[in-house]
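Please consult the sequence and the model shown here alongside the text.

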Amino acid sequence: MWRQFLLYFRTHSYRADNSQEKDTLQSENEEDIKTVQQLLKPMGSERMEMRKRQMSTTQETPGAAQAQHSTGNRGSNACCFCWCCCCSCSCLTVRNQEEERTRRTSHELQAEGIPNCEESPAPTLEEVNAWAQSFDKLMFTPAGRNAFREFLRTEFSEENMLFWMACEELKQESNKSVIEEKARLIYEDYISILSPKEVSLDSRVREVINRNMLEPSQHTFDDAQLQIYTLMHRDSYPRFMNSAIYKDLLRSLSEKSIEA
């Protein structure tokens, strides 16, 4: 009897304790949920408020965002190492200077790529036939030099003729200051290794020119002029006589003479 009573009492007391614990846990959970909701409520409102402000700012200043985006693109294009505005400005300045220098150089090269030929009357059939007799007769007439220059241009060696003609012009000068200026230009255009129009000279002739440039005169480039003349005579002149430029000119003049 007592055993049954004790067993009954323990069972009910255990259930009561469990029910109290469940009630306590439920109440605590409800309080925690309320607390979390109270905390989240202002955070949500603040977030909504911030979102509204951002939307209003974007609507009011769309041009500013676009300008900032374009500035960012300019910075990325201008400098590959940093994005700051000062670096962008400096890099753009350097790049603009390089592009301007490149455009100027290409324009000068294009302008000098086809120099003006000498003024001369149209060659006659006798003159063109005489060009085949000797290189001296070809170089003696302006029409012959123009035709030969046209051929040299096709072989990318026109600088040889231009150098020879510049030396001939230098020999005609008598003013000392003019001689010094023209000699300097000839050296920079045709002797300097940095020039795109450098002519092919051996080391001996270059040493002579360097000594002569200490006191330039009309004959500063005589040795170099003779060497280039010999080079054109031996190398380019035979090919010119077999070229289409010479043969077409000779045929057209022959046909005109027959018709006349």
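A residue is termed buried under 20% relative accessible area, exposed over 50%, and partly exposed in between, using a 1.4 Å probe and protein chains only. The model is predicted: local features need pLDDT of at least 70, side-chain atom pairs count only at pLDDT 80 or more, and totals for chains, interfaces and linings use all residues. Residues are numbered from 1 along each chain as its sequence is written, and side-chain values use heavy atoms, with hydrogens and water left out.

**Overall architecture**

- The protein chain has eleven helices and zero strands, where helices (H or I, at least four residues) and strands (E, at least two) are DSSP runs numbered from the N terminus.
- Of the 260 residues in the protein chain, 25% are buried.
- Among contacts (heavy atoms within 4.5 Å) with a separation of 6 or more, 58% join residues 24 or more positions apart.
- The accessible surface, from the Shrake-Rupley method with a 1.4 Å probe, comes to about 19,200 Å², and carbon and sulfur atoms contribute 55% of that surface.

**Salt bridges**

- The structure holds eleven salt bridges, each defined as a side-chain nitrogen of Lys or Arg within 4 Å of a carboxyl oxygen of Asp or Glu.
- Arg153 and Glu158 are joined by a salt bridge at 3.0 Å, N to O, and a network of salt bridges links Arg149, Arg153 and Glu158.
- Arg153 is partly exposed because its relative accessibility is 22%, whereas Glu158 is buried at 7%.
- Within helix 8, Glu181 and Arg184 lie three residues apart, about one turn of the helix, and the closest N and O atoms of their salt bridge are 2.4 Å apart.
- Glu181 is partly exposed at 36% relative accessibility, as is Arg184 at 33%.

- Ser192 lies in the loop between helix 8 (176–191) and helix 9 (203–212) and is buried, since its relative accessible area is 17%.
- Not counting residues up to four places away in sequence, Ser192 touches Tyr187 and Glu198.
- Glu198 in turn forms a salt bridge with Arg206, with closest N and O atoms 2.4 Å apart; Arg206 is buried at 18% relative accessibility, while Glu198 is partly exposed at 29%.

**Tyr237 in helix 10**

- Tyr237 lies in helix 10 (residues 222–241) and is buried, with a relative accessible area of 9%.
- Not counting residues up to four places away in sequence, Tyr237 touches several residues, including Trp131, Phe135, Leu138 and Phe148.
- Tyr237 and Phe148 are 89 residues apart along the chain, with their C-alpha atoms separated by 8.1 Å.
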